[in-house]
Amino acid sequence: MDSTPARFTRVTKNYGTVEALRGLDLTIAPGELVALLGANGAGKTTAVRTLLGLAKPTSGEVRVFGGDPRDAATRTRVGAVLQIARVPETLRVREHIDLFSSYYPHPMPMAEVIEAAGLQGLERRKYGQLSGGQQKRVLFALAICGNPDLLILDEPTVGLDVEARRALWKQIRAFIARGRSVLLTTHYLAEAEALADQVVVIHRGSIIKEGTPREIKGDAATLEDAFIDLLEAS
Amino acid sequence: MKTYLLEIKYELLKALRMPQYSLPTLLFPVVFYLFFGVLFNMKNVGSVRMAEYLIATYGAFGVIGASLFGFGVSVAIERGQGWLEAKRTTPMPIAAYFVSKLVMAMVFSAIIVLLLFTVGTLLGGVTLTLGKALALLGVLVAGSITFCALGLALGFFAGPNSAAPIVNLIYLPMAFLSGLWVPILFLPKPIQRLALWLPPYHFSQLALHITGGSRGESVLMHVTAMAAGAVVFGAIAYLGYLRDEGKTYG
């Protein structure tokens, strides 16, 4: 059986006449954090949606641990933080986690989830009473409570202040340290630099550069300079 | 199994913690009943006391409201805001999501009917035997299935903000034209004929078969109409679900 956490093979996705993905080839290895970096509209969210079985590739193939991303068996091994407009606000933090944990065959104990997501002391708070950063940490908790081997984070730190962003980075690193894999989309270059083993820069649905943060940076002073150079060159 | 129970538990908690949404659904039919059935004291419908007649029709009215709002509007909102999609990335059985909302609508329906019984007995001089009361409760709660299917169909085609107004636009005229507010015999003949095509009419007639005051049409016809409604609305809801999938998964 294929144990590769995620594999995109020549994936294209068209929405009407819009080509959101144009022949994406991408592999995430065990224990690796891959940052998918790109401007708004580059195809990051579409890539995430195909990986979660929420969108079907127009052509090509997406495999998660060798399986179809839509299968329940595959989904037990994956957790995700999506960009959601609203979450039921009257349920408490521990109630949300309790419910999501029940979806998985081998969930993490509640106390571990709370700790891993940095939610100590907030268990009895209602979701609607939390700050933006705390709400993101609840979504992170819901993504990891099923003990997944692959975590997918779609712009998890958008709109967070520096402190909340750093706190979430710490939790992501702790997750990776246990040998799991992460696909992270972001348009914060510092985030990719701080977390990623591999950075994949996509532009208009295809990869324009990939490598370690150091390789991407090359001779440029910062990753940001390198990114701008790349976009101008393509 | 545990997932199903937890989904139900948290649906109930959500409703309890949002009394601004749940209380109107529960109290609206009771207030209407109090007004028309008890205080207004209209003349009898044939040999049946108005307070008894209207307990059946306002019971139907309340159940339909609980089903359309509790099911339809809440699906439309959670779907529109991306919460349903977030759940779909998990291995949650999708049925658990819908079953919990169906149970929720049935619990609400039962509460509404029991409130009507209480008001009717204490203030309206209604004397239903225990057997009749239980039969009425059973018919009214079971009927919520048809209207949950309608709610679901609306929930899949309406946006999160337009769902509630659309539901009202369908719910209130349909209730009136089916004779849920004012007995059908008091309505003009053309409306009486039109009502034959409206599911709430058949629903209320089934309830009236128990309290007395039905028009004596065949029970089988009413049951068939309710079942056909459930199938048609369910099919429309399913198309909406496929359309949703297609939009994202096409």
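Me: Is A:Glu89 buried, partly exposed or exposed?
Reply: This is a predicted model, in which local features need pLDDT of at least 70, side-chain atom pairs count only at pLDDT 80 or more, and totals for chains, interfaces and linings use all residues. Residues are numbered from 1 along each chain as its sequence is written, chains are lettered from A and ligands numbered from 1 in the order in which they are written, and side-chain values use heavy atoms, leaving out hydrogens and water. Buried means under 20% relative accessible area, exposed over 50%, and partly exposed in between (1.4 Å probe, protein chains only). With a relative accessible area of 35%, A:Glu89 is partly exposed.

Me: Which residue forms a salt bridge with A:Glu89?
Reply: A salt bridge is a side-chain nitrogen of Lys or Arg within 4 Å of a carboxyl oxygen of Asp or Glu. Here the N to O distance is 3.6 Å, and the partner of A:Glu89 is A:Arg86.

Me: Which residue meets A:Glu95 in a salt bridge?
Reply: A:Glu95 is buried, at a relative accessible area of 10%. The side chain that joins A:Glu95 in a salt bridge, at 2.8 Å from N to O, belongs to B:Arg17.

Me: How many residues apart in sequence are the parts that B:Glu7 and B:Lys87 tie together?
Reply: The closest N and O atoms of the salt bridge between B:Glu7 and B:Lys87 are 2.9 Å apart. B:Glu7 belongs to helix H1 of chain B and B:Lys87 to helix H4 (residues 83–88) of chain B, so the separation of the parts tied together is 80 residues. Helices (H or I, at least four residues) are DSSP runs, numbered from the N terminus.

Terms used:
Helix = DSSP H or I, 4+ residues; strand = E, 2+ residues; numbered from the N terminus.
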